[in-house]
Amino acid sequence: MSETRSRQVVIAGAGIAGLTAALAFAERGFPVRLLEQARQLEAAGAGLQLSSNATRVLRRFGVLDRLLPEAIRPEAVVLKDARSLRELARVPLGEAGEKRWGAPYLVAHRADLQAALIAAAALRPDIELVTGARVTGTAVGPHSVTAAVEIDGKATNVAGGLLVAADGVWSSVRAGLARTAGFAASRFSGELAWRATVPAESAAGQAFMQIGATNCVTTFLHAGFHMVAYPVSKGSAFNLAAFTKGERIAEGWSGHADPAILSTAMRGTAATLAKLAALAGPWTAFPIHTVAQRRWTMPEGIALIGDAAHAMTPFAAQGAAMGIEDASMLADLVADFSGDPAQGLAIWENLRRPRVEKVLKRGALNRLAWHARGPMAIARNLVLAARPPEKLAADLDWLYGWAEQKVVQR
């Protein structure tokens, strides 16, 4: 196998994690072949939150400057009671957050982030993006990994020194490995995400402005659901995401679910919030699937990152950020341990697991607190009232202030 081919990194999936990985490996001198199943790159979902731990990495790869003109820097995360609309807590972001954590906290449309990543990748001659390329299988050899790929209906093989699966929660690479190498399968979490994007000038947009700040991330808390709302697309629209329990629906980014599930979950909320939900419809339902932390790498040269490795519920707003962190750290460790790639992969997985596990626990805690009822809700409100904004921000230093660890070889 030629040296160029042995150094080639093959990445399955050109979403946020895959594009970030392509940039990270190219920066470290690796030729990259990025395989995307879709014939045209289209962003799934709507808005997303990018905390400082993610934007710090994006800045490193020249993506942040491209994204900033399209993104919003919210001044705070505000928690409100969905029944009374009373403010329960406020976590300062904006300039205070950027000073505290060393990078901005942004909200943006997913399409704008993907466009910024694609533009940065297009400037790198060492990144080859192949669309309409579906990975159908993998094979490992003593010095290479080969992906069986179907490109425009024609079967071919793509070989390299490392295969990175960044193909999401329904990863075809992981599914193939699950049968032979003990990788985890995705599972339905029992939760549905209901999403809508409303123009600021629409009736729904005006309804939101009556109960939520246009320069903040506002989360409405209720025993049966919670809703997160924030501006996107330079403030011309608002992204709304509500979360409820629900039955499993068709796998995929969106599906059909009975809108009565959402309206029933919202019983007892403030009339103005119920009006917003009615005006924002029709809502699109997204089944929330997760992937258990089981196995992310094979020493022969395979690594899973982002949702392919550890898809999580969105209750810590860290899904995209964890994929971005994964990608950056993986490229650095593979490069730093080029003489022993298996060791580099093992160190990467060992370092990432505790971090991801802590984020998973934070998400579970958030959901428990946001959906609290009765005495638990009263206790939650008392705890939040007792903690000033500065203390609430300090509680997130471990998360938003993350910086990549440098591993020294001995």
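Are glutamate 349 and arginine 353 buried or exposed? Both of them are buried. Keep in mind that this is a predicted model. A search through the whole of it turns up 21 salt bridges, so let's start with those in the list below.

**Salt bridges**
- Glutamate 349 and arginine 353 join their side chains in a salt bridge, 2.8 Å from N to O. They sit 4 residues apart in helix α13, which puts about one helical turn between them.
- Arginine 367 pairs with glutamate 191, with 2.5 Å between the closest N and O atoms. Since arginine 367 is in helix α13 (residues 341-370) and glutamate 191 is in strand β12 (residues 186-199), the pair ties together parts 176 residues apart in sequence. Both residues are buried.
- Glu27, Arg28, Arg60, Asp332, Asp336 and Glu404 form a linked network of salt bridges.

**The β4 and β5 hairpin**
- Strands β4 (residues 76-81) and β5 (residues 87-92) run antiparallel, joined by 5 bridges.
- Alanine 76 faces proline 92 in β5.
- Between the two strands come 5 residues, and leucine 85 in this hairpin has a positive phi near 65°.
- Arginine 90 makes a salt bridge with glutamate 87, their closest N and O atoms lying 2.9 Å apart. Arginine 90 is partly exposed at 33% relative accessibility, and glutamate 87 is partly exposed at 36%.

**Around alanine 21**
- Alanine 21 belongs to helix α2 (residues 16-27) and is buried, with a relative accessible area of 0%.
- Beyond its neighbours within four places in sequence, alanine 21 touches Ile11, Ile305 and Ala327.
- Isoleucine 324 is 303 residues from alanine 21 in sequence, yet their C-alpha atoms are 7.7 Å apart.

Note on methods:
Residues are numbered from 1 along each chain as its sequence is written. This is a predicted model: local features need pLDDT of at least 70, side-chain atom pairs count only at pLDDT 80 or more; totals for chains, interfaces and linings use all residues. Side-chain values use heavy atoms; hydrogens and water are left out. Two strands pair if DSSP finds at least two bridges between them. Buried means under 20% relative accessible area, exposed over 50%, partly exposed in between (1.4 Å probe, protein chains only). Contact means heavy atoms within 4.5 Å. A salt bridge is a side-chain nitrogen of Lys or Arg within 4 Å of a carboxyl oxygen of Asp or Glu.
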